[in-house]
Structure formats: C-alpha cells, structure tokens
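Hello,

Here is the structure I promised to pass on. Please open it first, then read my notes below.

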Amino acid sequence: MESNRDLDLDPNKDDLPLRANTNHMLVRHYVLDLTVHFQRKVIGGSIVLFLEPGVGSSKQGEVGSISNTPVQNISQVSSKHDVSSPITPEPNKVIPPEEPSRLSGGNDVGSVLWGDKSEEFTLVLDCCDLVVSKVEELDVTAIRDLKKLDVDQQYANTDPLSSSLVQRLVSMSSVCWRLQHELYVQCSLCPTVHNAQPLRFHTDRWSLQIRKEGVCSPHGFPRAVRIWYETKPTGGSVRWTKDQDGRCCVYTMGSPINNRALFPCQEPPVAMSTWQACVRAPFDYTVLMSGENQAFPKPAETGFLQWDYYVTMPMPASTFTIAVGQWLEAGIKDHNFEVEKTNKSSEEPSLSLDNDDQEYVCSHMDYPCRFMVNAARDQTVIPHRVFAPPCHLQKANDMVLPLLPLCLNAAHSVLGVHPFSRLDVLIVPSGFSSLGMASPHIVFLSQSVLTGERNLCAARLCHEIAHSWFGLAIGARDWTEEWISEGFATYLEDVFWSHVQKLGCKEAEEQRQLKALLCWRRLNDELQNSEEQLQVLRPNKENTGEVSESGASVVKHALNPEKPFMQVHYLKGYFLLKFLADQVGEEKFLHFFKVFVGKFHGQLILSQDFLQTLLDTFPGMSSRGIALETIFSDWLDTPEIPEWLRDACSEWLRTPAVQEVKGEVAKWIHFSGSGGKGSKRKRAGPKVNFKELSPEQLVLLLEFLLEEPKLSLSTLRLLQTTYNLQTQDAEVKHRWCELAVKHKHTAAYRDVELFLIRDQAMGVYLYGELMVQEDARQQALARHCLSLIKDDMDQSARSVVEEMIL
C-alpha cells in the first residue's frame with residue numbers, strides 16, 4: 001500500500017518523479033531478453049526482476065519480519081574469486097504472449113478499477129512510454145540446482161519456498177557469481193506458478209504498478225517476476241535515427257527520463273542492481289552495451305544474431321546503455337566480425353585477490369571488486385576498442401584510437417585501479433546532444449571532437465574516462481548533486497591531459513590557468529543568462545538525499561529543456577575543487593582523491609561525504625575559516641559567485657599565455673581600425689605578423705574579439721585565412737560562427753550552416769544569435785538549418801531551438 005505522502009507528491013512541470021518504492025522492495029538483478037525491430041522502431045521481449053524486501057518493508061508487529069540486506073553493506077570478499085565469463089545458457093524457450101496490439105486487456109487494470117487506496121502491497125516501478133502486455137510470477141522451485149542451495153532458516157521459516165530460494169540466490173557470495181548468473185538465467189526461463197493468474201498491473205504516465213491478489217506486504221509478494229513489454233517508437237529513453245552514412249541505428253542517448261522508456265526499472269540511485277541482457281538484432285548490426293564481457297554474436301532466428309552481456313558490479317539502472325547499429329571497429333582490417341559457433345567465450349584469466357594491501361578497503365556491497373585484484377592494480381591500460389560509422393572510421397583510427405591508451409594510462413597514474421575491466425568508445429550520430437557520455441564499459445563521443453588538433457578530443461576522452469571513478473564507481477546518492485560527477489570529471493580532465501602531454505609543472509600550470517579563465521568566462525556568461533534556480537549545485541539544500549517513506553522522490557528541474565545544455569554543475573563544481581586544491585596543494589589533493597576512491601568506490605555519496613572527509617584529512621583548513629557550512633553557503637547552496645573565484649580570475653588574466661593572446665588581440669583591433677574603405681592598400685591594411693596560437697588561446701582570442709563592437713570585413717577575412725578557421729576544432733569554429741553572425745559576415749554563412757548541421761551538440765544557442773538581430777537572411781538561415789536536421793535532432797535540443805525561432 002502506498003503511503004499518503006507518496007500520493008501527495010506533486011512535482012513541478014520540470015521535475016522528474018522517481019516513483020519506485022525502493023524502501024519497500026529492491027530489484028537486485030535484471031535479466032533482459034530483447035529483440036530489436038528496426039522496421040517497427042521498437043524493442044520488445046521480456047525482463048525478469050529478482051526482488052528482495054527493502055529496509056523499510058517490515059511493518060510494526062508483522063509476523064515474520066526479517067532484517068534484509070541493505071543497499072550498501074560491508075563487503076565480505078573471499079581470498080579468491082572467479083572472473084571468467086558465465087556459460088551461455090540455452091536460448092530462451094519461454095513462449096511470449098501475444099503482441100500488445102492484439103491483446104484484449106490481459107491483466108492490465110484500468111485506473112477506475114485499480115484504486116490507489118488498496119490495502120494490497122503495490123510494487124511500483126519507474127516506467128514511461130512502454131506497452132506492457134503481461135506480468136507473471138515465476139515458479140523458481142522448478143530449478144533443481146537452485147534447490148541445492150543452502151536456504152537460511154530465518155527465510156525458510158517465514159517465507160514460501162520460492163521466496164526463500166530467490167533470497168538465497170540474490171545473497172550468494174561474489175565468489176560464486178558465475179554460478180549465480182547461470183541460475184538467474186535458468187530462473188528467468190522457468191514457467192509461471194501452476195494455476196496462478198497473471199499478476200495484476202496498471203500503468204500511468206510515470207510508473208508501472210503491480211499487485212498480487214491478497215498480498216498485503218512486501219514479504220508476501222513474489223520475488224521473481226517476468227514482465228512482457230515493448231518500447232514505443234516515440235519513447236524518450238532511446239533514439240531511433242540514422243548514422244552519418246544514412247543507416248538505421250538506435251541508442252540510449254542520456255535522456256532526462258533515463259531508462260524508464262527502455263525497460264521498467266527502479267531509477268532511484270540507491271536501487272543498485274546487476275543485470276544480464278540477451279539482445280537479438282539483424283545479422284549485419286553490432287550490439288554494444290554496458291557489459292563487462294566482450295560479447296561474441298551467436299546465430300539466433302533467421303536473419304538475426306544474439307549478443308549476451310552481463311555486469312557483476314551493482315549499478316543504478318540509469319547507467320544501463322545500449323547502441324545498435326552497423327558500426328565498424330577502428331584498427332581492424334577485416335570488418336566481418338566473428339560469430340560464435342561453439343562454446344567460445346570472452347574469458348579473462350583467473351585473477352587472485354590480495355587482502356594484505358591496506359590501500360583499498362572495500363566498504364560496498366559484495367561483488368567481485370577489481371580494487372582487490374592484484375593484476376587489476378597493475379593494469380595501467382584496460383582492453384579498449386573504438387567504433388564508428390564508416391565515414392568517420394579513418395578519423396577514429398587516426399585520432400581516437402591512439403589517444404585512448406594514453407588517456408587511460410594517465411587516469412591510472414592519478415587515481416589507481418580502473419573500476420571497469422574494459423572500454424568501448426563509439427562515435428555516435430550527429431544528433432547526439434553532448435560532446436560525450438560515459439556509462440559502465442562504454443563511452444559515446446560526438447563527431448565534433450574529430451576535427452582540428454587533438455586537444456578537444458583528448459580533453460573529452462579524459463573527461464569521460466574520469467567518470468569511471470566519479471559518476472560511476474562513486475555515484476551521487478541524490479541526482480540533483482550533479483557536480484559530484486561533472487565537477488570532478490571537469491577538474492580531472494586537465495590533470496589527465498597534462499599527464500598525456502608529459503608537461504612540466506610550470507607548463508601544466510599555465511595550461512590549466514588558461515583553461516580556468518575560459519571556464520570562468522563561460523560560467524559568468526551562463527549565470528547572466530539563466531534562471532537562478534538552475535544555478536544552485538545543491539537545490540535541495542539540507543534536504544538533499546531525503547526521500548518519502550516508500551523511497552519515492554522527485555529530481556528538481558530534471559525535465560527543464562534548457563538544463564541539458566547548462567554547464568553550471570560542470571564549471572562551478574570544477575572551481576570548487578580548484579579552490580579546495582589551492583588550500584592544500586595539488587599534489588596532496590590528488591593523493592587524497594586516490595585515497596577517497598579507495599574508500600568509497602562502489603558506493604553512493606552526498607556532498608558532505610566528500611567534503612567532511614577532506615576536512616578531516618586536512619584539519620588545518622578549519623583555521624582558515626573553511627568548514628562544511630561555509631562551503632555549502634559559499635559554493636553549493638547559492639547562485640552567487642564566491643569571492644575566491646573573482647580574485648583567481650584576476651590572476652589568470654595575468655598569465656603569460658593570456659598576455660600573449662591580449663597582444664594578438666591588440667594587433668587585430670589595430671588592423672581593423674586602420675583598414676576601411678578606399679584604395680587596395682587601405683583595404684589590405686598594414687602588414688602584421690601574427691603569432692601561432694594553441695587552440696585554447698585561439699578560443700580566447702575570438703572571445704575577446706567578440707567583445708569588440710565592430711570589426712571590418714577585411715579583418716574577418718584575414719582572421720579566417722590566418723588561422724585556417726574551417727579546419728580548427730569545434731570550440732574554435734563555434735566562436736568563429738558567433739563572430740560571423742554578430743558582424744553579418746555573409747561570406748562565412750556557409751561555415752555557420754555546416755556548424756549547425758555537423759556540430760549539433762554545440763550549436764543550440766547559435767540559433768538564438770541568428771534570430772536576435774532580426775536580420776532576415778540570418779533568420780532564414782536558422783530556419784533552413786532546422787528544417788534539414790530537425791528529424792534527427794535530440795528532442796531537448798529541438799524543443800529549445802523551435803522555441804527560439806518559431
């Protein structure tokens with residue numbers, strides 16, 4: 001039964017509800033069995049949930065109340081464990097129900113008959129834009145091997161045998177994870193309970209609610225549930241589109257609603273689970289997924305191949321990622337991928353644990369942790385692959401593939417053990433709304449990082465790799481605290497990139513000061529042009545991390561269409577970390593990062609967990625007036641700019657690299673002023689020797705020139721040829737396009753058009769600049785570009801742009 005408090009949840013229009021009642025019931029493992037249908041643009045099949053009553057499930061005085069395994073508990077890692085791949089089970093023999101379009105209601109209960117005040121226990125899952133056809137209770141007692149498990153008497157005396165067996169299954173030691181996964185799959189294939197009616201269910205906008213007749217508590221609810229469903233072509237979790245070569249593909253694009261339109265799940269971060277997935281796709285498609293194993297496809301039904309992935313590290317369901325397309329692997333001469341015909345698997349060698357090293361102390365729930373594995377500690381570069389559509393394969397091979405091991409090695413040198421055993425990188429379609437996105441075992445990169453010098457590509461790779469530690473291995477317990485993920489990754493990308501370049505201390509510091517100045521300018525501009533409520537890093541303040549009695553909550557402003565394009569959590573979080581590093585020294589600060597990772601990997605944290613640990617480690621900070629409360633008030637709970645940041649900006653302006661840029665700016669301003677109309681000599685202007693600038697310096701130069709009220713057309717033409725702006729990276733081209741728009745440089749409008757089409761991750765607000773000057777030609781250009789790409793655009797980007805120009 002849902003609490004009244006949950007029924008009163010009334011999120012604002014831009015808040016995202018998290019409806020799952022995780023305090024009552026937790027999903028411990030998912031088994032997905034799905035088929036990708038490109039003609040219909042749906043993904044369909046089944047998902048099996050293995051459940052455990054949550055920490056808040058016991059009613060006062062309830063007979064048989066038990067103490068359940070918490071979401072995060074102390075790990076009891078054995079001295080040895082098997083890290084080889086599980087044996088692939090027999091193909092799914094379960095007969096699916098009729099397609100949803102042909103169902104006559106099934107066990108779906110209408111809202112009038114459902115009744116929110118029912119005394120029966122309701123399992124609430126986050127769900128949106130899914131067509132659910134049937135929900136079934138599985139009879140796991142039919143699995144012989146499962147009966148051989150020792151069943152704890154505290155469960156056996158109080159729960160039905162099937163519940164006790166599932167409880168024992170989800171509680172198996174990580175030493176036996178391979179057997180556990182085999183049993184999960186066997187259970188997912190077993191029949192429904194004999195003579196039992198399908199479970200009743202009801203869907204609303206944000207949830208799937210499931211009940212069993214007569215069951216009034218989580219402890220009486222089935223522990224293994226199979227849900228048959230299909231996605232919708234318009235569902236918000238996956239993007240059906242075409243790659244840069246015009247071939248169909250589908251991928252999870254980091255939607256604000258996360259994965260609830262891909263499969264019914266528990267989305268609150270505390271609902272950390274493992275999963276296995278069997279995905280069938282047409283034979284000429286490659287399925288990439290957030291899985292620990294490198295999957296080898298196996299023949300399925302005619303014209304399809306089957307790809308099997310799994311994870312053993314419990315993660316929030318929002319981190320599940322999939323991409324299906326006709327991708328090609330960089331660095332491979334023969335692109336006919338190997339089809340598994342035997343029992344071949346992608347087994348890793350057995351790795352042993354070493355509990356004697358005190359550098360890492362696992363405090364997370366039990367799983368086969370790489371931090372305790374000898375070989376993993378020494379593995380500076382994990383196995384990696386790069387995939388791209390054919391038209392970008394050469395660029396991926398020339399730029400991304402050589403950089404990737406360098407960035408991985410740099411990350412290891414700073415933070416230590418790679419939390420994940422392998423990494424795939426995919427160049428995603430042009431409609432992707434970000435420069436990159438990290439998920440377990442897979443990173444999406446925008447095609448925008450493939451142009452110009454390697455700086456932008458390397459920085460983005462470093463940023464996404466940093467998320468393996470901050471954002472994935474260590475996640476935010478409250479999603480509103482995005483800075484825990486993005487601020488850390490932004491800070492660490494500079495550190496990693498300096499290691500890749502092998503810069504000396506002075507060079508590295510100068511480079512970071514230039515980067516800091518650019519970030520400050522971007523942050524300052526964003527703060528002046530956005531709502532204050534979107535500028536606060538901890539919008540829930542002292543209520544951060546709190547949920548309702550059932551575990552339900554809302555994520556403030558998560559559905560605001562402008563939020564995905566804001567960088568305040570990246571930039572202000574980055575500056576907070578620079579401030580803290582300035583207090584203790586960077587070397588000590590980075591060592592603290594490594595120690596913190598060793599202690600908190602595999603767990604979810606709030607801001608105070610990191611900050612208080614830092615203050616305890618460096619007690620001298622308190623003598624300078626730095627305390628948890630002052631950090632909250634100065635940095636996290638207010639849209640204001642801290643005084644330290646304003647003072648630091650003045651210092652960054654005086655660095656040699658910036659002074660060099662200012663000297664070049666003065667030359668360009670003088671050139672523009674001395675040009676004008678008249679003779680050819682006057683139009684050419686005086687001869688000036690311009691210095692060669694780094695991409696970051698060039699971005700700053702163009703930003704300074706954007707502040708000038710007027711630049712001559714001859715200046716703009718010379719700028720374009722002097723720095724060969726069409727071949728620079730996307731950050732440089734963005735500023736160049738802004739200059740062209742501001743000064744109505746019609747000869748560069750083709751550059752603007754190409755930028756809006758090819759660099760969709762960065763061009764959203766350029767549409768606004770084209771519209772604001774009320775120039776008919778510029779407005780026509782904006783509308784023309786939107787008409788060309790609107791069907792392939794990210795939905796959030798499209799809605800923002802359409803609001804600007806329509």
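**Strands and helices: what I found**

Strands β2 (residues 25-37) and β3 (residues 42-53) pair in the antiparallel sense, over 12 bridges. Keep in mind that this is a predicted model. Pick out Leu34: its bridge partner in β3 is Gly45. As background, strands of a sheet pair through backbone hydrogen bonds, either parallel or antiparallel.

Now zoom out. β2 and β3 belong to an open sheet of seven strands. The order is β5-β8-β3-β2-β11-β14-β13, and the pairing is mixed. Which strands sit at the edges? They are β5 (130-137) and β13 (298-299), and each pairs on one side only.

Helix α6 (residues 177-189) lies across β2, β3, β8, β11 (272-282) and β14 (304-316). α6 runs at about 120° to β14.

Next, go to helix α23 (residues 764-772). Which of its residues are buried? They are Val764, Leu766, Tyr767, Leu770 and Met771. Seen down the axis of α23, these buried residues fall within an arc of 165°, so they line one face of the helix. An α-helix has 3.6 residues a turn, so residues three or four places apart point the same way.

What covers the buried residues of α23? The cover includes α21 (730-742), α22 (749-758), α24 (776-789) and α25 (795-805).

Best wishes

Notes: Residues are numbered from 1 along each chain as its sequence is written. This is a predicted model: local features need pLDDT of at least 70, side-chain atom pairs count only at pLDDT 80 or more; totals for chains, interfaces and linings use all residues. Side-chain values use heavy atoms; hydrogens and water are left out. Two strands pair if DSSP finds at least two bridges between them. Helices (H or I, at least four residues) and strands (E, at least two) are DSSP runs, numbered from the N terminus. Contact means heavy atoms within 4.5 Å. Axes are lines fitted to C-alpha atoms, for helices over the stretch in contact, and angles run from 0 to 180 degrees between N-to-C directions. Buried means under 20% relative accessible area, exposed over 50%, partly exposed in between (1.4 Å probe, protein chains only). The arc is that of the directions from the helix axis to the C-beta atoms.
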